[in-house]
Amino acid sequence: GQQQSMEDKLDEVINHRALPGEGDFDIAGYVGALHRAGYPGPWGAEILSEKLRNLPIEQEFDRAYETTLAQVRAGIG
């Protein structure tokens, strides 16, 4: 995972984000904290990644869905 910011912040935001659970941020912990605080959802993910955009669109959607669902389930389960 990426723990340090890149020099070009715009490039970092547009092209180098990770799927939920594949980066440094504790997505499951975040979901769990909000769930315990009473937030019922909905949950969604926006992943801006050149690597992900280069996949076939069905694979891109499947990967985003699977990783997001796994993190939400881990956080509330």
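Biologist: Which helix holds I14?
Modeller: The model is predicted. Residues 9-15 make up a helix, and I14 lies among them. That element is helix 1.

Biologist: Is I14 buried, partly exposed or exposed?
Modeller: Buried would require under 20% relative accessible area, and exposed over 50%. The relative accessibility of I14 is 37%, which lies in between, so I14 counts as partly exposed.

Biologist: Which residues make the nonpolar surface patch of about 310 Å²?
Modeller: I14 is one of the residues in this patch.

Biologist: What pattern does the chain follow along the sequence?
Modeller: The chain has four helices and zero strands. Read along the sequence, the pattern is therefore α-α-α-α.

Biologist: How many aromatic pairs are there, with ring centres within 6.5 Å as the rule?
Modeller: One of the pairs joins F25 and Y30, whose ring centres are 5.6 Å apart. Another joins Y39 and W43, at 5.0 Å centre to centre. The count is two.

Biologist: Is the pair of F25 and Y30 stacked, tilted or edge-to-face?
Modeller: A pair of aromatic rings is described by the distance of the centres and the angle of the planes. For F25 and Y30 the planes stand at 65°. Over 60 degrees is the cut-off that applies, so the pair is edge-to-face.

Biologist: What is the angle between the planes of Y39 and W43?
Modeller: Y39 is partly exposed at 34% relative accessibility, and W43 is partly exposed at 31%. Their rings form an edge-to-face pair, with an angle between the planes of 85°.

Biologist: Is the peptide bond from G41 to P42 cis or trans?
Modeller: P42 sits in the loop between helix 2 (27-36) and helix 3 (50-53). Omega for the bond from G41 to P42 is near 5°, and the bond is cis.

Biologist: Is Q71 buried or exposed?
Modeller: Q71 belongs to helix 4, residues 57-76. Its relative accessible area is 17%, and the limit for buried is under 20%, so Q71 is buried.

Biologist: With which residues is Q71 in contact, leaving aside neighbours within four places in sequence?
Modeller: Contact here means heavy atoms within 4.5 Å. On that basis, the partners of Q71 beyond those neighbours are P20, G21, I27, A28 and V31.

Biologist: Of the contacts with a separation of 6 or more, what percentage do residues 24 or more positions apart account for?
Modeller: The chain has 77 residues, of which 23% count as buried. Among its contacts with a separation of 6 or more, the share from residues 24 or more positions apart is 70%.

How values were computed:
Residues are numbered from 1 along each chain as its sequence is written. This is a predicted model: local features need pLDDT of at least 70, side-chain atom pairs count only at pLDDT 80 or more; totals for chains, interfaces and linings use all residues. Side-chain values use heavy atoms; hydrogens and water are left out. Rings of Phe, Tyr and Trp (its six-membered ring) pair if their centres lie within 6.5 Å; planes under 30 degrees apart count as stacked, over 60 as edge-to-face and the rest as tilted. Buried means under 20% relative accessible area, exposed over 50%, partly exposed in between (1.4 Å probe, protein chains only). Helices (H or I, at least four residues) and strands (E, at least two) are DSSP runs, numbered from the N terminus. Patches are made of residues with over 30% relative accessible area and no salt bridge: like charges are joined within 9 Å, nonpolar side chains (Val, Leu, Ile, Met, Phe, Trp, Tyr) within 5 Å. Accessible areas come from the Shrake-Rupley method with a 1.4 Å probe; for residues, only the protein chains shown count as cover. A salt bridge is a side-chain nitrogen of Lys or Arg within 4 Å of a carboxyl oxygen of Asp or Glu.
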